Amino acid sequence: MTIKDILSVMTVPDLKKYCTACGLTGLSKCRKPELIEKAAEYMTSPEAIRAALLAIDEGEFKAFKKALRSPEGKVDGLMSALFAAGLAAPDENGEGSVLADELLGYDLSGLDKSFYNERKKLQLLSRYFRAFVLLYGVIDLDTAGKLLNRYERMTMDASALTDALEQLSAAEQLYRLMGEHIVLSDIADEGEDEVHEYLVQQGDKPYAILPRQELLRYSDIGYIARPPQYKAFVSMLCGSYGMSLRKAQEFADMIVVMYNYGCESETPVDFATDYGIKFGGLEEVSEFVQFVSQLANDTRTFLNRGYTPNELHRLLAQKKG
């Protein structure tokens with residue numbers, strides 16, 4: 001399968017978006033075959049392949065090297081960043097990956113020490129960018145630079161951060177640069193008005209500064225910072241509503257994530273009812289709401305720039321005092 005074959009399944013709008021991300025111009029009057037030709041010509045260049053290999057995460061880089069050792073360029077697992085770059089595609093079963101023909105026989109010995117040093121720095125930056133958006137939702141470039149200096153003694157201004165974000169953009173789907181802010185993609189997808197609304201609600205609240213190790217846990221999209229009341233809440237769900245431990249933890253995690261994101265489109269009681277919880281009366285409803293309130297007050301939220309409501313309340317009270 002060639003790069004052209006991979007690109008051919010994309011729509012014209014997606015191809016134009018892809019070409020623009022590659023820095024290609026003169027696209028407005030191009031038809032699909034012309035867009036594919038331009039994109040394929042760019043992606044087969046050594047510079048483009050090197051840029052893609054710099055940006056992909058360590059797991060995918062290892063999978064890429066393993067695929068090179070396969071005669072057909074196949075490997076188990078999905079290489080989503082290389083899919084996005086047009087350099088790989090899902091296999092016929094949709095469970096593995098196959099490299100584009102142009103990458104078969106790629107010579108890894110051409111990747112020198114400077115490549116690996118640059119890649120190491122970019123991957124560290126990506127961990128921080130992921131952690132920032134999964135803790136704060138939205139963070140301005142100036143604050144991101146100050147935090148990188150605090151944690152890693154890196155000196156990076158807005159221009160340097162922008163360059164790094166653009167380098168990583170081909171492989172990273174979790175965050176996006178919008179103006180002077182690094183934004184969680186889920187928020188960015190809602191449009192500029194939604195991002196503006198987040199910024200308005202964050203106001204002039206300070207950013208929560210966590211210990212380095214705790215902050216970097218947030219770089220894992222599956223990480224959930226469970227508040228102290230989490231175990232008691234899960235125990236209550238199991239005891240009062242006969243939930244299995246797995247189902248109770250799943251529900252409790254959804255509540256934490258809901259408050260973390262600030263997605264309170266429905267009340268906790270409605271949310272519980274939709275999940276299949278049946279309340280026996282107002283007393284049970286009251287007990288449930290009390291547990292959820294305690295959980296929410298100790299959950300880090302985007303709108304509080306990583307602080308829990310209780311932490312922010314104490315911080316503001318200290319400042320007033």
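User: Buried or exposed: which is serine 45?
Analyst: Serine 45 has a relative accessible area of 17%. Buried means under 20%, exposed over 50% and partly exposed in between, using a 1.4 Å probe and protein chains only. On that scale 17% makes serine 45 buried.

User: What kind of model is this?
Analyst: Residues are numbered from 1 along each chain as its sequence is written, and side-chain values use heavy atoms, with hydrogens and water left out. Local features need pLDDT of at least 70, side-chain atom pairs count only at pLDDT 80 or more, totals for chains, interfaces and linings use all residues, and the model itself is predicted.

User: Which backbone oxygen does the side chain of serine 45 reach?
Analyst: Serine 45 sits in the loop between α3 (32-43) and α4 (46-55); helices (H or I, at least four residues) and strands (E, at least two) are DSSP runs, numbered from the N terminus. A polar contact is a pair of N or O atoms within 3.5 Å; within protein, one must be able to donate a hydrogen and the other to accept it, and residues adjacent in sequence count only if both atoms are side-chain atoms. At 2.7 Å, the side chain of serine 45 reaches the backbone oxygen of tyrosine 42.

User: How far apart are the end C-alpha atoms of α16?
Analyst: The expected span of a helix is 1.5 Å times one less than its number of residues. With 16 residues (282-297), α16 should span 22 Å, and the model agrees: the ends are apart by 22 Å.

User: What do the buried residues of α16 pack against?
Analyst: Those buried residues are Phe288, Phe291, Val292, Leu295 and Ala296. The face turned away carries exposed Leu282 and Glu283. Counting contact as heavy atoms within 4.5 Å, the buried residues pack against α13 (230-241), α14 (245-261), α15 (268-275) and α17 (309-320).

User: Within what arc do the buried residues of α9 fall?
Analyst: In α9 (158-168), the buried residues are Leu161, Ala164, Leu165 and Leu168. Seen down the axis, they line one face of the helix, because they fall within an arc of 100°.

User: Which strands stand at the edges of the open sheet?
Analyst: The order is β1-β3-β2, with antiparallel pairing; two strands pair if DSSP finds at least two bridges between them. Each edge strand has a single partner, so one side of each lacks a neighbour in the sheet; these are β1 (74-76) and β2 (88-90).

User: What angle does the direction of α5 make with that of β1?
Analyst: β1 and β3 (96-99) pair over three bridges, with lysine 74 partnered by valine 98. Helix α5 (58-68) packs on the sheet and touches both of those strands. Axes are lines fitted to C-alpha atoms, for helices over the stretch in contact, and angles run from 0 to 180 degrees between N-to-C directions. For α5 against β1 that gives about 135°.

User: Arginine 153 and arginine 305 have positive phi values; what relative accessibility does arginine 305 have?
Analyst: Most residues other than glycine have a negative phi. Arginine 153, at about 60°, is in the loop between α8 (141-152) and α9 and is exposed at 65%. Arginine 305, at about 50°, is in the loop between α16 and α17. Arginine 305 counts as buried, with a relative accessibility of 10%.

Definitions and conventions. Arc of directions from axis to C-beta.
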